[in-house]
Structures are given as structure tokens and as C-alpha cells.
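Good morning, and thank you for coming. Please turn to the sequence and the structure on the screen.

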Amino acid sequence: MRLDGRCHCGYLSFEAESDPQNVSICHCTDCQTGTGSVFRISVRTPGKSFKMLSGEPTRYVKTTAETGNPRVQTFCPKCGTPIYSTSPGDNPDSYMVRVGTLNQRDQLTAKQQNWFRSARPLGYGTRLDSARREGPCMSPIENMHWIGRRAGCDS
Ligand SMILES: [Zn+2]
Ligand SMILES: [Zn+2]
């Protein structure tokens, strides 16, 4: 399916093509720190299909102790929104695009969870589907399993 998205301030925008089966949640500690949350949700897109439409993301390269592979993390230099990660060098095979930046995020569900052994209590047991139908706009502390915002709660 065709995907497009933008950062929070609108400086960066991009488009890509992906199979919606390629959405995954990552619970690794790098994703926890990098998002400021307890997990990250991304969709893998083929390298050839990804195209920046406006702006130039800031790149940050981190080599994790776990895999030894350097990863390029990108984000908006103005507002800090994470956009994607990829491998270093020209013409990477794929991009892991951050689902929260996509205009199509309502049509995607995660098919896989990675680094589940690093998952925090806040980051699993999520019941997003029922929360979207019934949940309150703000989550009380006793409903910590709920991490979503119900449709109509934005603003
Ligand atoms: Zn921005
Ligand atoms: Zn991760």
C-alpha cells in the first residue's frame, strides 16, 4: 500500500510503499530510549520505494552492543520527530518508518513483536482495539494497559 507521512512541525514529509504485513513493535532498550516511550512501532518499506518529499532529516548513527550493527536513526532537526531507521551507506535495502508519522496509521496493525524480553509492563498487554472503541481520552493509572487514544480524542 502507498504510505505518506510527515513530522510534527511539517518540515519533513515523505512517501513510501509497503506491505501492511510488515508492521512490527520493537521493545528493545534502544527503542525505549529513542522514543522516550517503552516501545516503538515501525513499518518496513523497501529502500527503493522510500522518498523524502521535503526537508532533510538529521542522521544519528548508533552501534548497539546487542547486534554490533550500526543503525542510522533519523529525526526532524526542528521538532525532533523520529522518521525512520536504516542501514548506513547509499541505497539501503529497507527503511523502518515510524508508524506514528504516517497518514495511514489507522489502517495498520502490528504483526510481530521484537525484543519482547526487554518489554516493560507499560509496553505489553495493550488492548488498543477495545480502547479505541471504549477507552477514555485520558488513561487513568489503573488502566495502564491502555496506551492509545480513542478516535475523536485528538486536539
Ligand atoms: Zn519537524
Ligand atoms: Zn528496537
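Which residue in β5 is the bridge partner of glutamate 15? The partner is lysine 51.

Before I place that pair, some conventions. This is a predicted model, in which local features need pLDDT of at least 70 and side-chain atom pairs count only at pLDDT 80 or more, while totals for chains, interfaces and linings use all residues. Residues are numbered from 1 along each chain as its sequence is written, and chains are lettered from A and ligands numbered from 1 in the order in which they are written.

The protein chain holds two helices and 10 strands; helices (H or I, at least four residues) and strands (E, at least two) are DSSP runs, numbered from the N terminus. Along the sequence, the pattern reads β-β-β-α-β-β-β-β-β-β-β-α.

Let us now consider one sheet. It is open, has three strands in the order β1-β2-β5, and its pairing is antiparallel. Because β1 and β5 stand at the edges with a single partner strand each, one side of each is left without a neighbour in the sheet. Neighbouring strands here are turned by 25 degrees against each other on average, direction ignored; the axes are lines fitted to C-alpha atoms, and angles run from 0 to 180 degrees between N-to-C directions.

Strands pair if DSSP finds at least two bridges between them. β1, residues 2-6, pairs with β2 over five bridges, and arginine 2 stands opposite glutamate 17 in β2. Six residues lie between the strands of this hairpin, where glycine 10 takes a positive phi near 90 degrees. On the other pairing, β2 and β5, residues 51-54, are joined by three bridges.

What are the two faces of β2? Phe14 and Ala16 form the covered face, whereas Ser13, Glu15 and Glu17 form the uncovered one.

For the whole chain, 24% of the 155 residues count as buried, that is, with 20 or more other C-beta atoms, placed from the backbone, within 10 Å of their own.

Finally, confidence. The chain averages a pLDDT of 81, and 77% of the residues score at least 70; pLDDT is the predictor's confidence in each residue, from 0 to 100. Over residues 127-133 the pLDDT stays under 50, and the model has nine contacts for them beyond four places in sequence. Residues 135-151 are also below 50, with 21 contacts beyond near neighbours in sequence. A contact requires C-beta atoms, placed from the backbone, within 7 Å. Where pLDDT is low, the predicted coordinates should not be read in detail.

Note on methods
Buried ≥ 20, exposed ≤ 12 C-beta atoms within 10 Å, placed from the backbone. Contact = placed C-beta atoms within 7 Å.
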